[in-house]
There are 4 protein chains.
Amino acid sequence: MLIVMKPQATEDDVRRVCQKIEALGYRPHSMPGAQRTAIGITGNKGPLEPEDFESLPGVAEAIPVSKPYKLVSREVKSEDSLIRVGPQSNSVTFGGPELAIIAGPCAVESRAQAFAAAECVKKAGARLFRGGAFKPRTSPYSFQGLGKEGLEILAEVRGEFGLLIVTETIDPENCDLVEEYADVLQIGARNMQNFSLLKRAGRSTKPVLLKRGMSATLEEFLMAAEYILSEGNYNVILCERGVRTFADHTRNTLDLSVIPAVKRASHLPIIVDPSHGTGKRDKVTPLARAAVAVGADGLIVEVHPEPERALSDGYQSLDPDQFEALMEQIAAIAGVLGRTVERKQGKEIGSRK
Amino acid sequence: MLIVMKPQATEDDVRRVCQKIEALGYRPHSMPGAQRTAIGITGNKGPLEPEDFESLPGVAEAIPVSKPYKLVSREVKSEDSLIRVGPQSNSVTFGGPELAIIAGPCAVESRAQAFAAAECVKKAGARLFRGGAFKPRTSPYSFQGLGKEGLEILAEVRGEFGLLIVTETIDPENCDLVEEYADVLQIGARNMQNFSLLKRAGRSTKPVLLKRGMSATLEEFLMAAEYILSEGNYNVILCERGVRTFADHTRNTLDLSVIPAVKRASHLPIIVDPSHGTGKRDKVTPLARAAVAVGADGLIVEVHPEPERALSDGYQSLDPDQFEALMEQIAAIAGVLGRTVERKQGKEIGSRK
Amino acid sequence: MLIVMKPQATEDDVRRVCQKIEALGYRPHSMPGAQRTAIGITGNKGPLEPEDFESLPGVAEAIPVSKPYKLVSREVKSEDSLIRVGPQSNSVTFGGPELAIIAGPCAVESRAQAFAAAECVKKAGARLFRGGAFKPRTSPYSFQGLGKEGLEILAEVRGEFGLLIVTETIDPENCDLVEEYADVLQIGARNMQNFSLLKRAGRSTKPVLLKRGMSATLEEFLMAAEYILSEGNYNVILCERGVRTFADHTRNTLDLSVIPAVKRASHLPIIVDPSHGTGKRDKVTPLARAAVAVGADGLIVEVHPEPERALSDGYQSLDPDQFEALMEQIAAIAGVLGRTVERKQGKEIGSRK
Amino acid sequence: MLIVMKPQATEDDVRRVCQKIEALGYRPHSMPGAQRTAIGITGNKGPLEPEDFESLPGVAEAIPVSKPYKLVSREVKSEDSLIRVGPQSNSVTFGGPELAIIAGPCAVESRAQAFAAAECVKKAGARLFRGGAFKPRTSPYSFQGLGKEGLEILAEVRGEFGLLIVTETIDPENCDLVEEYADVLQIGARNMQNFSLLKRAGRSTKPVLLKRGMSATLEEFLMAAEYILSEGNYNVILCERGVRTFADHTRNTLDLSVIPAVKRASHLPIIVDPSHGTGKRDKVTPLARAAVAVGADGLIVEVHPEPERALSDGYQSLDPDQFEALMEQIAAIAGVLGRTVERKQGKEIGSRK
């Protein structure tokens with residue numbers, strides 16, 4: 001059930017509706033919009049009676065929600081969500097006209113490597129830095145990340161370059177540590193249905209970057225996001241990173257049609273990872289262009305100062321020159337869609353002035 | 001085995017190599033390039049001796065070919081193939097800087113419907129008209145096309161609007177009829193491994209548009225093209241139209257990464273069908289933009305004057321206004337890649353001179 | 001629409017219903033059952049009126065059919081279809097309590113090879129011999145079969161060993177030739193939606209073995225069979241041979257759950273091909289056991305006198321000893337399900353009376 | 001690297017090899033077999049020198065291991081692992097000639113429901129009881145299990161019926177609680193690559209039932225098991241429960257060919273879950289028969305006293321009568337393979353003495 005308030009409803013009206021919901025033993029989720037506030041209800045086992053709410057002052061409508069997802073749904077919130085990342089003084093917004101670009105190495109390997117990567121990421125104009133300190137690896141014998149030391153290096157990168165930090169959290173306990181350092185908590189594809197981790201991230205104050213699982217349907221993807229929102233954290237950024245199919249010319253099959261599908265079903269922003277989505281360096285830039293053209297709100301790209309020496313994912317990482325070229329190309333395509341890509345020195349490429 | 005001739009090799013040199021190949025019981029495929037001629041050899045059961053050929057006058061090199069495909073391979077022909085469709089006086093080239101746009105209804109339903117569709121296709125600037133006269137349908141009880149009457153309507157469309165005709169052939173016998181009317185023979189996804197049809201198309205003088213099968217790997221796709229080339233018809237245009245996966249938010253999963261993968265492995269042009277690739281009208285335009293951004297050489301799009309009244313595929317057909325908007329958008333994106341989309345009255349949009 | 005006749009309806013009653021259907025411009029399909037006759041109607045564009053038929057003498061009920069398939073449906077014919085193959089004097093029935101086992105090499109390579117294979121097939125107790133004369137191959141440069149010579153060898157095998165012949169037809173024209181020689185026309189997975197071939201097979205007097213396409217849904221599989229039945233040939237045997245998935249430990253993923261699913265939706269018999277279904281010799285026998293245990297009506301198995309010397313599919317062919325062991329094992333499992341496997345000299349193994 | 005000891009090697013010899021491995025900074029895994037002991041080495045970044053070990057007393061051979069998995073590999077341990085579950089006085093062994101059958105409801109819903117289910121499970125002869133106390137559910141609004149109360153009910157079931165308890169653990173912290181109550185820790189398909197949970201389970205003294213992920217390759221499946229073994233817990237039972245494909249006639253596609261593939265690659269036992277593998281009640285028994293016929297070491301089946309009233313998965317749960325019939329059928333098929341299914345009152349069905 002979704003309670004839509006009238007535009008002129010007061011804060012008191014909203015509070016009264018929430019109290020009524022709580023009194024019935026359910027949980028209210030108040031979502032203020034530019035025009036008016038909507039209040040989602042969760043925790044109910046069966047259907048509710050619209051009449052119970054429509055008689056309250058300030059209530060415009062009580063709408064039964066047909067999809068299994070509620071809080072992530074456009075039915076509940078018709079306007080795009082803008083997710084602001086970072087402190088007021090240095091923030092980046094996902095979901096608005098400006099694309100958000102996250103770049104950096106697969107894993108933080110050393111202070112020197114991270115700084116070299118950060119320098120090239122910043123030089124090309126990206127505002128967010130990615131780098132894994134805790135790495136979920138298929139083999140127990142593969143490099144599993146530097147752990148806390150990696151997080152400390154990431155904090156130094158932020159201090160030195162002003163880049164915002166996106167890094168992965170791998171379990172609920174680990175989340176306590178990662179959220180001290182990260183500006184965005186990343187949840188990887190293999191953990192998309194790790195419900196304990198989703199709930200923990202839902203109780204964090206940090207925005208969450210949620211990657212689509214390798215064989216997740218659109219509904220499962222949105223339901224995973226719903227777990228996070230249902231715990232109170234509405235700052236979720238979705239990410240398409242390729243799905244598993246029979247096709248063997250790329251590591252995964254990047255499903256770009258999910259971008260307009262998510263945009264239709266949900267108000268949440270969605271970005272694309274063309275590095276994991278293809279697993280091959282020479283396909284990253286073409287698919288990054290396609291991602292922007294299809295309407296994604298940003299990209300997350302693996303960039304390594306010396307890809308051939310990377311401890312992981314080197315074969316899909318761009319070198320600094322390739323990344324600069326990518327930024328040029330996507331800025332031009334963003335312009336065609338009336339969007340922008342911020343570049344260094346405040347220069348905006350792709351805006352049609 | 002591939003014989004690469006010296007740039008200064010004469011026609012006689014080439015003929016002598018071909019005679020030698022025939023004398024050994026194999027089949028030569030001479031492929032003249034801008035710089036020099038290459039000669040592919042097919043029909044050999046086992047490996048050949050390079051020395052047998054390198055001693056002949058005009059021969060630069062004899063290269064064993066490692067991939068199962070030969071004639072379609074970049075190893076055999078490093079330059080992009082330009083496939084010219086239509087008569088000299090009104091031709092369109094696939095594979096060059098200008099994108100080739102094919103549009104029209106799923107099936108020819110009547111003269112009136114075809115003419116209405118052709119008018120809007122031409123108005124929006126497309127040069128090629130699609131429309132099925134013979135329709136492979138999942139159900140024997142579905143509309144199977146107008147047959148020969150449909151072909152005659154298509155011929156009228158060409159006469160009236162100057163549009164080149166792309167239409168499907170469904171079996172070797174049917175090919176005799178279709179090639180009398182079509183400028184391009186289309187082979188559908190379900191027939192991608194109908195080897196009898198591929199061989200028949202390989203003996204046609206008309207270019208062939210070969211759609212990727214629903215679960216075809218890159219290698220199988222290229223091998224299907226190889227069947228056509230191996231019979232002597234080198235004018236093959238590939239087409240990605242979505243593959244079958246678990247994902248259920250679109251009818252098929254459009255695999256745009258296959259575009260750079262084909263470009264790397266083969267010299268043949270490749271276009272994209274965002275209509276079948278998504279199966280949903282509201283996703284056609286975003287994916288068409290993405291297809292151009294990823295580097296496709298053109299598009300094939302379903303356009304119907306009144307989609308809601310179409311006998312087939314109405315739910316994925318654009319109406320005339322939507323198609324015009326699509327043409328505007330892809331022309332702009334093509335410009336970013338240094339490519340063009342020809343528009344009516346010679347106006348070229350997308351070239352940023 | 002399906003017309004169900006009363007048990008006591010006369011032949012005249014049935015004829016009158018058929019005439020009425022024809023008078024309306026549709027096509028009647030009379031299907032006599034043990035209890036009573038049902039008459040399917042095809043060719044109608046929209047829904048029919050039950051009342052038009054229920055008033056005729058001998059009609060019990062007129063039932064609208066909801067599934068897109070009609071003639072193959074259990075709604076139309078509730079009893080299992082028994083498909084008899086071969087002449088009266090030497091016939092095998094598919095769909096009854098006795099399992100039908102087809103075995104032999106992938107391709108007929110020579111008279112000697114075919115005879116050696118036939119000897120071991122017969123010795124192990126199988127009654128049907130498989131062997132391709134026309135081979136659909138992914139590569140135009142692979143062995144494509146002996147053609148008509150292969151068919152003649154197969155006819156000799158029948159004459160010499162009394163085995164019934166199952167061999168593939170690859171296009172409508174080719175079907176004219178193949179049906180002169182074959183007892184069962186095989187349509188391969190790549191041709192499952194070659195509708196021209198399906199229609200041609202539907203006009204044959206020979207039973208058809210229809211293999212499931214690599215990415216065919218249950219509905220598409222049954223609709224392909226429907227094409228054959230809708231042309232008047234009701235003798236269709238279905239065959240599961242593995243579908244294409246991401247899994248790479250077998251060549252295809254054998255989908256045994258389709259057996260009970262077909263049994264529920266259709267009256268047609270279905271067998272399993274564990275050779276193509278796995279693509280690996282060591283998995284053929286375990287999956288053959290599983291196929292019988294799940295309820296398949298038979299098997300088609302690749303057997304070669306010398307697998308390591310086969311021109312195609314050697315890696316998935318059993319040698320004579322392995323095939324004999326397979327026959328022993330499936331006979332025992334068939335017995336558990338109350339079914340039998342006929343063995344040489346009339347000895348029935350598997351019935352444990 | 002794998003160190004194979006001579007049959008006559010002493011415990012001292014083994015200890016010396018382990019000390020040498022530790023001295024090099026790696027980790028030894030001693031695996032005593034019936035004939036001789038093998039010692040796996042993990043923790044090494046690069047290749048090791050066989051010579052370093054072959055000179056030690058008692059060492060027969062030092063073999064480089066080529067697969068990414070080591071401890072789970074047949075190369076490392078050629079004999080089947082027998083995993084004993086439960087206390088000495090009431091244990092069940094996975095991997096031996098007797099099949100292990102786990103049955104019970106999807107979730108523990110109440111004491112009464114669990115007891116009713118347990119009664120029918122015991123009556124039909126199964127020795128292990130399944131029932132979720134913590135349920136990973138796609139929706140945050142679905143029933144998530146009774147939690148600790150559910151575990152206590154399971155402990156009562158064990159006390160009352162003597163059934164061993166298999167129940168799911170959903171995160172590392174939760175594992176502390178679950179292992180107090182369970183005889184086998186189940187890790188669900190969605191958590192197959194939850195590496196934190198795998199490592200925690202690897203430090204448990206309880207055997208682990210590891211379900212294959214929805215899109216896991218054989219290698220990823222075995223690598224997930226390797227995580228558990230690499231932490232020291234060698235008691236891992238694998239479970240095939242269906243993979244995600246395009247096929248829509250079942251909820252998942254049960255991949256029975258993975259059973260012989262696992263048997264070839266690994267020494268670990270593997271069972272099958274035909275309930276989740278098909279998601280449809282009428283397909284559970286046929287696929288259970290097939291699983292036993294293909295060579296699985298056991299089954300895990302959903303049984304509910306009143307399936308139509310179940311809070312979750314009712315549509316795929318068998319009722320008591322159906323489960324008894326299933327047990328009869330699989331016992332007979334097990335007999336064909338020389339295996340047995342223990343039944344109540346010590347009656348063994350399926351052994352053909």
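Because the model is predicted, local features are limited to pLDDT of at least 70 and side-chain atom pairs to pLDDT 80 or more, while totals for chains, interfaces and linings use all residues. Residues are numbered from 1 along each chain as its sequence is written, chains are lettered from A and ligands numbered from 1 in the order in which they are written, and side-chain values use heavy atoms, with hydrogens and water left out.

Take chains D and A to begin with. Chain D goes onto chain A with an RMSD of 0.0 Å, by a turn of 180 degrees and a shift of 0.0 Å along the axis (copies are superposed by least squares on the C-alpha atoms of residues with pLDDT of at least 70 in both). The two copies are thus related as by a two-fold rotation axis. Both use the same surface: 100% of the contact residues of chain D turn up again in chain A, contact being heavy atoms within 4.5 Å. Within chain D, S215(D) comes closest to the rotation axis, with its C-alpha at 3.1 Å.

Chains A and B tell a similar story. Here the RMSD is 0.1 Å, again for a turn of 180 degrees and a shift of 0.0 Å along the axis. The C-alpha of chain A nearest this axis belongs to A290(A), 2.0 Å away. The same surface serves both copies, and 100% of the contact residues of chain A recur in chain B.

Strands are DSSP runs (E, at least two residues), as helices are (H or I, at least four), numbered from the N terminus; two strands pair if DSSP finds at least two bridges between them. Strand β1 (residues 2-5) and strand β3 (residues 37-42) of chain D run antiparallel over three bridges, and I3(D) has I39(D) as its bridge partner in β3(D).

Back in chain A, helix α3 (residues 111-124) packs on helix α4 (residues 148-161) at about 40 degrees, axes 10 Å apart (axes are lines fitted to C-alpha atoms, for helices over the stretch in contact, and angles run from 0 to 180 degrees between N-to-C directions). Residues meeting across this pair include F115(A) and A118(A) from α3(A), and I153(A) and V157(A) from α4(A).
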